[in-house]
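Student: I have this model open on my screen and would like to walk through it with you. Could we start with the strands and then move on to the helices?

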Amino acid sequence: MPELLNKTGPIAQVANIIRENDRFLVVSHLRPDGDSLGSQTALLLALRALGKTASAWAVEPIHRKWSFLPGVHHISTEMPDWTPEVTLVVDCGAAYRVAEGFQPVGKVVDIDHHLSNDMFGDVNWVDTEACATGEQIYALLAELDVPLSPEIASCLYVAVMTDTGGFRFSNTTAQAFRIAADCVMAGADPAEIGLHIFETRPAGEFLLRAKVFGSLHFEYDGALVWSEIHMVDYDAAGGEEVEPEGLSSEIRGIEGVEIAVLLHEMPEGTLRVNFRGKGKVDCSRIATACGGGGHFNASGAVVRGMPYEEARDFVLGKVREAVADWKSAGGI
Ligand SMILES: [Mn+2]
């Protein structure tokens, strides 16, 4: 069986905390994606299967496009009226990723796979080799002897499938396929899930896509591509939540591109940016220089407190520095 199941250390510690406590709050990051939601709901359902008192919280209502995900309707924007003994934070590199000013209650358990994790928890289980946080939850449930119900299996399948870009990205390990196979055996339906994720998109997604594709900027002979979405574009498309997952990965797919940068204008002088690479330029380093974090090939940052254009130039400056470094080191 997978070597993961033999791991000691943080996984055993997290399993013990779950065994020894009764009241849990499960949270994940802002602008949730398939891995954060799949991990959060799988863990919530598993805790309830263990007979624990468990709630899941998010700062904003989850977009209806995720309503097919089992357990997602249990994620509330209201905090429970009881005090958690343990807050489980999944798929977050830092506590502020949960929500601005978020203060976890009780013992804080950080379960994550981001390279840039700042170890904000009382217990930190950070496995940068995990393809998704869902992979860690899968291992944790095995450790706790929680069987994969069809619902939990569907959540974990979504987590692994989306974070590997549909089993295409560089984090697509053999273990990703083992987990997916187990989830399908346990009742996850890849065709049904695929239908919801890839074939049922809000129309506004296409307006944003058209906007991004219509304003691509190429630099360094096409090694760098960047584009941006302004607030007026979100207004026309029906809101920020309709932005398709993977839009920045999609422009990375342009032939010759080594790094793709997608900038988003947010309310109140805030800029959000995604970086996507192809194994040559370190996106994690650029994101960190911009106050964010992430993985080598996928990272992001939020820049606050300056006008959008100024923030954009600051971010692009950091990107150009990194591309120039890579080029001068003989990158081709
Ligand atoms: Mn993830």
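Student: Which residue in E9 stands opposite leucine 224?

Tutor: Bearing in mind that this is a predicted model, leucine 224 has isoleucine 259 of E9 opposite it. The strands concerned are E8, residues 224-229, and E9, residues 259-266, and they pair in the parallel sense over 6 bridges.

Student: OK, and what is the strand order in the sheet they belong to?

Tutor: That open sheet has 6 strands in the order E7-E8-E9-E10-E12-E11, and its pairing is mixed. At the edges are strand E7 (217-219) and strand E11 (293-294), each of which pairs on one side only.

Student: Which helix lies across E8 and E9?

Tutor: Helix H11, residues 308-328, lies across E8 and E9 and also across strand E10 (270-277) and strand E12 (298-304), and H11 runs at about 165 degrees to E9.

Student: Switching to helix packing: how do H2 and H4 cross?

Tutor: The axes of helix H2 (residues 34-49) and helix H4 (residues 150-163) come within 7 Å and cross at roughly 160 degrees. The two helices, H2 and H4, are therefore roughly antiparallel to each other, and their crossing is left-handed.

Student: Which residues of H2 and H4 meet there?

Tutor: From H2 they include Gly34, Gly38, Ala42 and Leu45, and from H4 they include Ile152, Cys155, Leu156 and Ala159. Taken by class, the contact of H2 with H4 has 9 nonpolar, 5 polar and 3 charged residues.

Student: And what about H4 with H5, which residues make that contact?

Tutor: To place the pair to begin with, the axes of H4 and helix H5 (residues 174-185) come within 9 Å and cross at roughly 155 degrees, and H4 and H5 are therefore roughly antiparallel to each other. The contact is made by Ala153, Leu156, Tyr157, Val160 and Met161 of H4 together with Ala176, Ile179, Ala180, Cys183 and Val184 of H5. By class, the residues of the contact of H4 with H5 are 10 nonpolar, no polar and no charged.

Student: How far apart are the axes of H3 and H4?

Tutor: The axes of helix H3 (residues 133-143) and H4 are 8 Å apart, and the helices pack at an angle of about 145 degrees, with a left-handed crossing. Thr133, Gly134, Glu135, Ile137 and Tyr138 in H3 meet Leu156, Ala159, Val160 and Asp163 in H4, and this contact of H3 with H4 has 5 nonpolar, 2 polar and 2 charged residues.

Student: Last one, stepping back: how many helices and strands does the chain have?

Tutor: The chain has 11 helices and 12 strands. The radius of gyration of the chain is 20 Å, close to the 20 Å that the globule rule gives for 332 residues, so the chain is as compact as a globular protein of that length.

Definitions and conventions. Residues numbered from 1 in each chain as written. Predicted model: local features only at pLDDT ≥ 70, side-chain atom pairs only at ≥ 80, totals over all residues. Axes fitted to C-alpha atoms, helices over the stretch in contact; angles between N-to-C directions. Helix = DSSP H or I, 4+ residues; strand = E, 2+ residues; numbered from the N terminus. Parallel < 35°, antiparallel > 145°, perpendicular 65-115°, else oblique. Left-handed = near helix turned anticlockwise from the far one by under 90°. Contact = placed C-beta atoms within 7 Å. Nonpolar A, V, L, I, M, F, W, Y, C, P; charged D, E, K, R; others polar. Pairing = 2+ DSSP bridges. Rg over C-alpha atoms; globule rule 2.2 N^0.38 Å.
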